[in-house]
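I opened this notebook to record what I looked up in the structure. The entries follow the order in which I worked.

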Amino acid sequence: MGTLLEIKNLSTHFDTEYGVIKAVDRVDLAIDEGDTLGVVGESGCGKTVLALSIMRLIPSPPGKIASGSVLFNGVDLLKLDIEEMRRIRGRDISMVFQEPMTSLNPVLHIGDQITEIVRLHMGLGRKEAINRAMEILSLVGMPSPEKVVSNYPHQLSGGMRQRVMIAMAICCGPRLMLADEPTTALDVTIQAQILELIGRLKKDTGASVMLITHDLGVIAEAAEHVAVIYTGQVVEYASVESLFSSPLHPYTVGLMESIPKMDATRAREEYLKVIPGIVPSLHNLPQGCTFQDRCRHTMQICREEEPQLKEHLPGHKVHCWLY
Amino acid sequence: MKTVLVDIQEIKKYYDIRAGIFARERAPVKAVDGVSLRIYRGETLGLVGESGCGKSTLARLIMRLDVPTEGRIFFEAEDIFKLSGKDLKAYRKKVQIIFQDPYASLNPRRTAGSTIGEPLLINDMNDRKGRAVEVARIMDIVGLTIEQKDRYPHEFSGGQRQRIGIARAIILKPQLIVADEPVSALDVSIQAQILNLLRDLQKEFNLTYMFISHDLSVVRHVSDRIAVMHFGKIVELADNQELYEHPLHPYTIELLSAVPAPDPGKKTGRLMQEGEITDGSNGLGRCPFYPRCPAKVEICDTGEPRLKDRGGGHFVACHGEGKGAPPINYNHKSFR
């Protein structure tokens, strides 16, 4: 299978009153066709900005893509003009946002929000578009789609709204779906349904998925490859099996240790292991490795020079001086 | 010897809703519908359930922030809804709450020190100097530095803000702390710090916690006993290990199976149900879980099950034969 998306040396910067913030900092990543890449990291680490950069939805000013390329099927998205990019958005690459409450238009019928996309991208007429909308809604497991098309978002529950978001994302048969925390606002049982739905659609259509989340459990169950992001940089990249069986970066190790475990042997440990301190502010990053102040292995070199992302195990890259 | 600190007896809270100005009387929302529960001194009682199940309403009732439609709550054998004046004020000192959202629950115009010290002021405790000393002591205990007392909430990170909320909750040396989703808004690495802090405080001050969360792995980590809530009712109540290893109620089983495990090699027996979790009782006098239940039998449609002890303090509200559910189809699938 070929590579569908290749991100090379991508940097997205924001101008603020405190100076330039590097929200995404020299990121290299690739997604194969039919693959799910999990992107994991804590709030403010740049996960969402990464997705918005791929879609070229960074508000500018204050933001700008400072360097790099985003090759989609060999075409550099960053070089396309606005019209060409608009044709790709929603058709070839689509996005599912975290908040199904706020990302649907509250004053439009569900049906209108879906038909708008298919009429624009697929050139369908009004009648065909409505039929397509109902077909897609039933594909995402919506009971009685013929009723839902004339509902407003507030008439649906959170899980149902997220299904609508997914329906909108898949209605033109995209090659790549960027799902930004698609289940974070949902209850666990509904989360399981939505993840199952994304997995099934991926299998049926052969599309690739970039799944952004802070939840390692979701990553473990739904992704094939994983990129761990810290202060805008990829600090570890591996297959999901390799990441969970031999996490390398001290940050990844710390994250895994700090989640409470459900299984019997680990569940009643009195104290959780913690990563000390907090994520450093992006205006004020230290020289060298940005994880140095929270790391239990910090060496002299970590404070002086920044490590490079390099392959330590087959297909398993890490951004750390320990390796 | 376990002593009962809080005894909740058949508490009910109904909210009337009307669908518009011309609408007639409609069925009330039964946010809490006949909950009986005891909290023992020194324990952590976990309360889990999905959004809208009534967890927070129950917390508000215990805090006496709301009055029940029916039922009573006893704190140290005193009916809290009969308290007034001085007695009520004394009760409020003994029971404190930690809220979910450290961004919304702090007054943005107050410094950390003034937020933390306010309970002392309200209760006329200590003089100005004594309060400052106490605030400094508490800030140290929760892992804040005294230099931070003059800062405003926006100058703190989420984890630090939650420490402020915790400091304010413990400054009056309460006996019971109701923690309503205290770590849900925090990143995992910060979440662990706060959970450890809560554990330390419990030991140091012999606190009793009611820990409300929708996160089953967090609840597993912190609780001694766990109550599972579903549509305003407790459907299962058991010791931590018993509940996670031998869940009996089909809803508990479904909930547990839905949690993604941070281990890609592990095959989770996921019980996938179609559709939403909706209240299937509709006043029909049947089990509220009836429409979704994979283990339903005839009687579930006609009679609502009551919470019964199945031995060893494991309570379940289910007509099933105590083995929880008849064989459930565990389909071993991941989302990949």
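**Entry 1: the model and chain A.** I noted at the outset that the model is predicted. I then looked up the helices and strands of chain A and found 12 helices and 12 strands. I next checked the radius of gyration of chain A, which is 21 Å. The globule rule gives 20 Å for 323 residues, and the value for chain A is close to this, so chain A is as compact as a globular protein of that length. I also recorded the box filled by the C-alpha atoms of chain A, which is roughly 65 × 50 × 40 Å along the principal axes.

**Entry 2: a sheet in chain B.** I asked in what order the four strands of the open sheet in chain B stand. The order is β2-β1-β4-β5, and the pairing is antiparallel. I noted that β2 (29-40) and β5 (78-79) of chain B are at the edges; each has a single partner strand, so one side of each lacks a neighbour in the sheet. As background, I wrote down that strands of a sheet pair through backbone hydrogen bonds.

I then looked at one pair in detail. Strand β1 (residues 4-15) and strand β4 (residues 70-75) of chain B run antiparallel and are joined by five bridges. I picked out I8(B), whose bridge partner in β4(B) is I73(B). I also found helix α1 (residues 55-62) of chain B lying across β1, β2 and β4 of chain B, at about 60° to β2(B).

**Entry 3: two helices of chain B.** I looked up helix α3 (residues 112-122) and helix α5 (residues 158-170) of chain B, whose axes come within 7 Å and cross at roughly 25°. Angles under 35 degrees count as roughly parallel, and α3(B) and α5(B) are therefore roughly parallel to each other. Their crossing is right-handed. On the α3(B) side I listed A112(B), T115(B), I116(B) and P119(B), which meet I164(B), A167(B) and R168(B) in α5(B). I sorted the residues of this contact into five nonpolar, one polar and one charged.

**Entry 4: where the chains touch.** I asked how many residues each chain gives to the contact. Chain A gives 44 residues and chain B gives 40 residues. On the side of chain A that touches chain B, the largest share, nine residues, comes from α7(A).

Technical notes: Residues numbered from 1 in each chain as written. Chains lettered and ligands numbered in written order. Predicted model: local features only at pLDDT ≥ 70, side-chain atom pairs only at ≥ 80, totals over all residues. Pairing = 2+ DSSP bridges. Contact = placed C-beta atoms within 7 Å. Axes fitted to C-alpha atoms, helices over the stretch in contact; angles between N-to-C directions. Parallel < 35°, antiparallel > 145°, perpendicular 65-115°, else oblique. Left-handed = near helix turned anticlockwise from the far one by under 90°. Nonpolar A, V, L, I, M, F, W, Y, C, P; charged D, E, K, R; others polar. Rg over C-alpha atoms; globule rule 2.2 N^0.38 Å.
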